[in-house]
Amino acid sequence: WNVMNNLVRLVHLPSDEEVERAKVNLKATMLMALDGNSNVTEDIGRQLLTYGRRMTPAEIFARIDAITTADIKATATKIVNDQDHALAAVGGIHEL
């Protein structure tokens, strides 16, 4: 129940505070993932395959910063309302 409740809440009530916190978390995670040569190489390869070029961290961060609460609502609405969902769990499932 909690999982679906939070997904549905994203459609209707994401707060600006949550979105900003998620942006900061995403940017920090991305920077920490680039801590070694193999990680940087993997990132370059992924960007070349996805975008056809290497993007600078500043460009990626600008794209992240451009995301709005309305964008989150629209994406969550599309994912939650337009598709069937499956949930797999291990362990106690009494609160799902």
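Colleague: Let me start with one side chain: which residue forms a salt bridge with Lys-23, and how far apart are the closest N and O atoms?

Modeller: Happy to, and do keep in mind that this is a predicted model. The general idea is that side chains of opposite charge can pair when their charged atoms come close. Here, the partner of Lys-23 is Glu-20, with 3.1 Å between the closest N and O atoms.

Colleague: Where do Lys-23 and Glu-20 lie?

Modeller: Both belong to helix α2, residues 16–32, and they are three residues apart, about one turn of the helix. In general, an α-helix has 3.6 residues a turn, so residues three or four places apart point the same way.

Colleague: Is Lys-23 buried or exposed?

Modeller: Lys-23 is buried, because its relative accessibility is 8% and the cut-off for buried is under 20%.

Colleague: How many salt bridges does the model have?

Modeller: The count is six. Among them is the one joining the side chains of Arg-53 and Glu-59, at 2.4 Å from N to O. The side chain of Glu-59 also meets that of Arg-63, with 3.8 Å from N to O. Arg-63 and Glu-59 are both in helix α4, residues 57–65, four residues apart, about one turn of the helix.

Colleague: How accessible are Arg-53, Glu-59 and Arg-63?

Modeller: Arg-53 is partly exposed, because its relative accessibility is 35%. Glu-59 is partly exposed as well, at 24%, and Arg-63 is partly exposed at 44%.

Colleague: Back to α2. How do I compare its span with what its 17 residues should give?

Modeller: Count 1.5 Å a residue, and the 17 residues of α2 should span 24 Å. The end C-alpha atoms of α2 are 24 Å apart, so the two values agree. Helix α3, residues 37–51, has 15 residues and reaches 21 Å from its first C-alpha to its last, close to the expected 21 Å. Just after α3 comes Gly-52, which takes a positive phi of about 80°.

Colleague: Which residues of α2 are buried?

Modeller: They are Val-19, Lys-23 and Lys-27. Looking down the axis of α2, you find its buried residues within an arc of 70°, so they line one face of the helix. The face turned away from that buried side carries the exposed residues Glu-17, Arg-21, Val-24 and Met-32.

Colleague: What covers the buried residues of α2?

Modeller: The cover includes α4 and α5, the latter being residues 69–81. Take Lys-27 as a case: Lys-27 is in helix α2 and is buried, because its relative accessible area is 18%. Leaving out residues up to four places away in sequence, Lys-27 touches Phe-61, Ile-64 and Asp-65.

Colleague: Can we read α5 in that way? Which residues of α5 are buried?

Modeller: Begin with the span: α5 has 13 residues and reaches 18 Å from its first C-alpha to its last, close to the expected 18 Å. The buried residues are Thr-69, Ala-76 and Val-80. Seen down the axis of α5, they fall within an arc of 30°, so they line one face of the helix. Ala-70 and Lys-78 are exposed on the other side of α5. What covers the buried residues of α5 includes α1 and α2.

Colleague: And the surface: which residues form the nonpolar patch?

Modeller: Val-3, Met-4, Leu-7, Val-8, Leu-10 and Leu-87 form the patch, and together they have about 430 Å² of accessible area. One of them, Leu-7, lies in helix α1, residues 2–12. Leu-7 counts as partly exposed because its relative accessibility is 32%.

Colleague: One last residue. Where is Leu-13 found?

Modeller: Leu-13 is in the loop between α1 and α2. Leu-13 counts as exposed, because its relative accessibility is 60% and the cut-off for exposed is over 50%. To place Leu-13 in space, compare it with Ala-62: the two are 49 residues apart in sequence and 24 Å apart from C-alpha to C-alpha.

Key
Residues are numbered from 1 along each chain as its sequence is written. Side-chain values use heavy atoms; hydrogens and water are left out. Patches are made of residues with over 30% relative accessible area and no salt bridge: like charges are joined within 9 Å, nonpolar side chains (Val, Leu, Ile, Met, Phe, Trp, Tyr) within 5 Å. Accessible areas come from the Shrake-Rupley method with a 1.4 Å probe; for residues, only the protein chains shown count as cover. A salt bridge is a side-chain nitrogen of Lys or Arg within 4 Å of a carboxyl oxygen of Asp or Glu. Helices (H or I, at least four residues) and strands (E, at least two) are DSSP runs, numbered from the N terminus. Buried means under 20% relative accessible area, exposed over 50%, partly exposed in between (1.4 Å probe, protein chains only). The expected span of a helix is 1.5 Å times one less than its number of residues. The arc is that of the directions from the helix axis to the C-beta atoms. Contact means heavy atoms within 4.5 Å.
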